[in-house]
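Welcome! Let us take a friendly walk through this structure, piece by piece.

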Amino acid sequence: MSTLQQGGGRISIRNVTKIYDPDGAKVLAVDDCSLEIAEGEFCVIVGPSGCGKTTLLNALAGFHSITSGEITLDGRAICTPQFTAEPSAERIVVFQNGALFPWYTVLENITYGPEVQGRMGRREAAEQARELLAELGLASIADRYPGEISSGMKRRVEIARALINDPKVLLLDEPFRAMDALTKGVVQEFLLRALDKVRKTVLFITHDLEEALFLGDKVVVMSTRPARVKQTIDVDFPRPRTFRVRSSARYLELKQQVFDAVHEEALKAFDAGEREMA
Amino acid sequence: MSGAVLTAKQRSAAADDPRAYGGFAYRLKRTLTSPAPYLGIAGIVGFILFWYLTTEYFKLPRFNKLPGPIEVWTEFTSHDPIYGTSMYTPQYYWHIITSSLRVLVAFALATVLGVPLGLFMGWKRTFRDYTFPIIEVLRPIPVLAWVPLAILMMPGREAPIIFLAFLAAFFATTLNAMLGVESIDESYFRAARCLGSSSWKIFKRVVVPGALPDIFTGLQIGMGVAWFSLVAAEMVSGEHGLGFLIWDSYVLSQYPVIVIAMITLGIVGYVYSALIRVVGRMLMVWTTRVQS
């Protein structure tokens with residue numbers, strides 16, 4: 001990869017609780033949640049819809065506060081009840097519905113970060129972006145607008161837009177949610193290939209168990225709201241991975257494990273009649 | 001990746017694709033081969049025919065007082081017009097220029113003041129809370145109701161007229177710019193913050209381009225209502241201009257001139273709106289280049 005790689009990215013989530021207070025009715029979204037993510041680890045959080053996974057990710061990104069507990073990045077507090085660090089390019093989010101700026105071309109989207117941070121001039125940023133796009137196999141769409149390319153392409157570009165900033169942490173909130181199975185497979189492999197080149201600490205939220213096992217080093221199963229860590233499953237497939245891991249015996253075994261854990265929670269959520277909360 | 005070779009090839013392939021770069025010639029050809037322009041012409045012909053039949057051929061009651069298309073056309077193309085206004089008389093153009101200048105000044109003011117104000121209202125919640133209620137109360141007041149105050153407040157003859165045209169356009173440009181900012185998806189703001197944007201960079205690179213489609217809608221509406229109010233204002237207190245010409249001709253019973261001035265207003269207004277659309281399309285290539 002063309003960018004310098006900075007180290008770090010160890011995340012520590014300690015006893016985090018988040019209480020929402022819409023219209024005076026207190027809602028406990030996350031309850032005493034603790035989670036360690038090592039430097040360069042790919043951590044996938046799965047859980048029923050509306051269990052509070054996104055709440056955790058948003059706190060980490062700096063979009064909102066927490067009620068108690070502490071989140072640190074490389075030992076530095078980034079979210080406590082008193083303080084939420086501003087969102088920054090060391091923790092970049094890839095959003096559920098995609099957030100490429102439609103008014104900029106693919107290339108301009110990629111150079112956005114380096115330019116606004118003042119790290120590079122326009123020319124240098126464009127050069128680096130073209131290099132990165134070529135490396136990721138996206139060179140042919142550099143001068144297109146997001147409206148002109150497919151959703152699978154958009155996701156790839158969005159991942160590239162995050163990677164050029166060399167973030168410590170990549171936060172992905174159900175990024176491949178609304179995709180058909182084939183496109184999804186392609187984009188998942190794209191993400192793995194990109195991360196094979198530059199290891200990043202990743203927090204990935206999904207409710208697709210296959211996706212979780214294929215991508216993650218660690219799958220964290222959350223309980224239904226309020227979110228607690230119910231079970232952590234280590235996924236020990238070697239990297240680089242290809243889609244072939246999906247047909248191994250070990251894969252089926254792990255899948256059964258995760259499925260058992262999630263199914264129980266899904267039933268609880270279903271019985272409680274929880275409204276789906278994106 | 002096989003890198004540069006593939007890239008160059010694909011880029012030139014994209015340049016050959018007329019749809020991707022939507023050239024003017026291509027668009028013109030597509031328009032001329034579709035039925036739309038011909039249907040439009042047929043509609044106009046039908047309308048003129050109706051006008052002719054009711055006023056000049058059958059001379060229906062109430063319609064027989066109106067000037068018909070032939071009478072209007074004869075007057076308009078006459079070197080020696082009966083009522084002194086035709087395409088060969090300089091004062092016809094003088095009226096157009098006077099009205100145009102007034103509208104352009106009013107429109108420019110409404111853009112320069114209204115768009116930034118609206119953007120700021122959409123962007124900063126507190127500022128919006130201060131300003132929105134007052135604008136919402138002032139906006140429904142018809143422009144004609146402002147005429148006395150405009151004359152009292154503004155010096156001279158030109159200023160009140162321009163003020164009235166400005167006022168109408170101002171609400172349109174302001175509110176549409178505000179709505180434009182409000183329509184920007186929250187995730188773009190979040191993405192911009194993640195990527196390390198300062199507040200000013202967010203304004204420049206997210207708020208302005210994101211609101212641009214609505215800003216241009218506002219400019220088009222603004223241009224329309226500026227003409228509308230201008231003519232009303234000129235009827236009340238003008239010495240020149242197309243609105244004045246209409247009123248003056250009415251008072252002097254020069255009916256064909258009224259129609260000449262009305263059609264001129266329609267055409268000039270259309271041209272200005274079309275200009276705004278063209279500028280908008282040039283600034284927002286991304287809205288026209290979408291995947292088909």
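Two strands count as paired when DSSP finds at least two bridges between them. With that in mind, look at strand β6 (residues 83-84) of chain A: its residue F83(A) is the bridge partner of T80(A). Please remember throughout that this is a predicted model.

## Hairpins in chain A

The hairpin that joins β5(A) to β6(A) passes through two residues.

β5(A) also pairs with strand β4 (residues 68-73) of chain A, again antiparallel, through three bridges. Here T72(A) is found opposite A77(A) of β5(A). The hairpin of β4(A) and β5(A) has two residues between the strands, and D74(A) there takes a positive phi near 50°.

The strand pairs described in this report can be set side by side:

| Strand pair | Bridges | Direction |
|---|---|---|
| β4(A) and β5(A) | three bridges | antiparallel |
| β3(A) and β9(A) | five bridges | parallel |

## The open sheet of chain A

In which order do the six strands of the open sheet in chain A lie? The order is β7-β8-β9-β3-β10-β11, with mixed pairing. At the edges stand β7 (91-94) and β11 (229-234) of chain A; each has a single partner strand, so one side of each has no neighbour in the sheet. From one strand to the next, the twist averages 20°.

Within this sheet, strand β3 (residues 42-46) of chain A runs parallel to strand β9 (residues 201-206) of chain A. In this pair, F42(A) sits opposite V202(A) of β9(A). Strands of a sheet pair through backbone hydrogen bonds, either parallel or antiparallel.

Helix α7 (residues 249-272) of chain A lies across β3, β10 (218-222) and β11 of chain A, and runs at about 170° to β11(A).

## Domains and helices of chain B

Chain B is divided into domain 1 (23-66) and domain 2 (77-288). Their C-alpha centres are 28 Å apart.

How do helix α11 (residues 199-237) and helix α13 (residues 255-283) of chain B pack? Their axes lie 10 Å apart, at an angle of about 165°. Angles over 145 degrees count as roughly antiparallel, and α11(B) and α13(B) are therefore roughly antiparallel to each other. Their crossing is right-handed. Among the residues making the contact are F216(B), M223(B) and W227(B) of α11(B), together with Y272(B), I276(B) and R277(B) of α13(B). By class, this contact has ten nonpolar, five polar and one charged residue.

α13(B) also meets helix α5 (residues 69-76) of chain B: the two axes come within 9 Å and cross at roughly 80°. That makes α5(B) roughly perpendicular to α13(B). On the α5(B) side the residues are E71(B), V72(B), E75(B) and F76(B), and they meet P256(B), V259(B) and I260(B) of α13(B). Five of the residues in this contact are nonpolar, none is polar and two are charged.

## Where the chains meet

Finally, 22 residues of chain B are in contact with 27 residues of chain A. On the chain B side, α1 (4-16), α10 (186-194) and α11 each supply at least two residues. Which helix gives the most to that side? α10(B) does, with six residues. The side of chain B that touches chain A has nine nonpolar, eight polar and five charged residues.

Notes: Residues numbered from 1 in each chain as written. Chains lettered and ligands numbered in written order. Predicted model: local features only at pLDDT ≥ 70, side-chain atom pairs only at ≥ 80, totals over all residues. Axes fitted to C-alpha atoms, helices over the stretch in contact; angles between N-to-C directions. Helix = DSSP H or I, 4+ residues; strand = E, 2+ residues; numbered from the N terminus. Parallel < 35°, antiparallel > 145°, perpendicular 65-115°, else oblique. Left-handed = near helix turned anticlockwise from the far one by under 90°. Contact = placed C-beta atoms within 7 Å. Nonpolar A, V, L, I, M, F, W, Y, C, P; charged D, E, K, R; others polar. Domains from an automatic or database assignment.
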